[in-house]
Each structure stands twice: as C-alpha cells, then as structure tokens.
Amino acid sequence: MSEALREKVERAIEAQSYARLLGLKVVEAEEGRAVISCAKRPDLLQQTGILHGGVIGGLCEAAAGYAAQTVMPEDVELIGVEYKISLLRAITSDTAVAVGKVLKLGRQLVVVDVEAFNEGSDKIAAKMIFTGTLVKKKA
C-alpha cells in the first residue's frame, strides 16, 4: 500500500461533505485501487435494520472515484456520468467495505469496477460498474 496515495484519498474524503456524512474511511489505496469502508449507524439503515441501498451505492461510487484518483493526472477532476449497481445480498455486518479497481483510464473517461462486502466476508454484496469523465481543474 502506498502511504502517499492513502493520504491523497484521505484528503479527498475530507474535502467532500457527502463522504464525511457517510463516515467513509480509507482501508487501502494503491495505484488503480482503493478500499473504502463505511460503519453501520442507525441513521444509515432502512426499516429492516440493514444498511440502506443508497448508502451502499454512495460507498461504491466513492470507492470508484477514489480508485480513479490514484491514477488520474493532478490537473483533472472526476465527475461521475453513469453507474450500474446490483445489490446482491444485505450488508448486515458492522462495517461495509467496497473495493474499487480501475479497468480503463482514458483521456476523457475512466471505468472502474467495484465490489462491496460485509466486513470479513468474501461474498459479494454489491457489484457496480462506474464511468466517470475527467475535467480540467478550474484555476
């Protein structure tokens, strides 16, 4: 794991209010890959006591974006343009973990594969494919 990339992702989480709202944490960060966690809290659950699907979507989108940031040029930002998520099983553990892996970094688009898990499980709870566009940072 690269400490510099981990710190880069931690700074990105701190800069984004939605990531802070969800309480996202960096587990690992390396070139083309980020592992992000979200602790289960009462305000993030749906009525049956499991982590809400919207939270899982937000966690997976974040893992995609942070994985992309590990390989993006410094003069660009990432804007999500599309994702498809399949919720395959409930997140019932105290922590959800999402692993984002960059499949393709192009001049304008980045495509990232994401899988989410109950902490400590290797069974996929959610699967996302994310596409984002790279835009020049404003001066």
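Predicted model: local features only at pLDDT ≥ 70, side-chain atom pairs only at ≥ 80, totals over all residues.
Residues are numbered from 1 along each chain as its sequence is written, and side-chain values use heavy atoms, with hydrogens and water left out.

Back to Asp113. Which residue does Asp113 form a salt bridge with? The partner is Lys127, and the closest N and O atoms are 2.8 Å apart. A salt bridge here is a side-chain nitrogen of Lys or Arg within 4 Å of a carboxyl oxygen of Asp or Glu. Asp113 sits in strand E5 and Lys127 in strand E6, so the pair ties together parts 14 residues apart in sequence. Helices (H or I, at least four residues) and strands (E, at least two) are DSSP runs, numbered from the N terminus. Lys127 counts as partly exposed, because its relative accessibility is 30%.

There is also a network: salt bridges that share partners join Glu28, Glu30 and Arg33. Arg33 meets Glu28 at 2.7 Å, N to O, and Glu30 meets Arg33 at 3.9 Å, N to O. Glu28 is partly exposed at 30% relative accessible area, and Glu30 is partly exposed at 32%. By the salt-bridge rule the count comes to eight. As background, side chains of opposite charge can pair when their charged atoms come close.

Next, Thr70. Is Thr70 buried or exposed? Thr70 counts as buried, because its relative accessibility is 9%. It is found in the loop between helix H3 (53–69) and strand E3 (76–87). Not counting residues up to four places away in sequence, Thr70 touches Leu5, Val9, Glu30, Glu31, Gly32 and Arg33, where contact means heavy atoms within 4.5 Å.

For contrast, take Gly120, in the loop between strand E5 (109–118) and E6. Gly120 is exposed, because its relative accessible area is 87%. Gly120 and Ala98 are 22 residues apart in sequence and 12 Å apart in space, C-alpha to C-alpha.

Now the core. A nonpolar core is a set of buried Ala, Val, Leu, Ile, Met, Phe, Trp, Tyr and Cys residues joined through side-chain atoms within 4.5 Å. The largest one has 39 residues, and those with the most contacts inside it are Leu24, Ile36, Cys60, Tyr66, Val112 and Val114. H3 gives the largest share of this core, 10 residues. Leaving aside neighbours within four places in sequence, Val112 is in contact with residues including Ala64, Ala67, Ala68, Met128, Ile129 and Phe130.

Last, the pocket. A pocket is an open set of points on a 1 Å grid over the protein atoms alone, where a 1.4 Å probe fits, with protein on both sides within 12 Å along at least five of seven lines; lining residues have an atom within 4 Å of a point. How many residues line the largest pocket? It is lined by 25 residues, and Ala12, Gln16, Tyr66, Gln69 and Leu78 lie nearest its centre. H3 gives the largest share of the lining, six residues.

Note on methods
Buried < 20%, exposed > 50% of the residue type's maximum accessible area, 1.4 Å probe, protein only.
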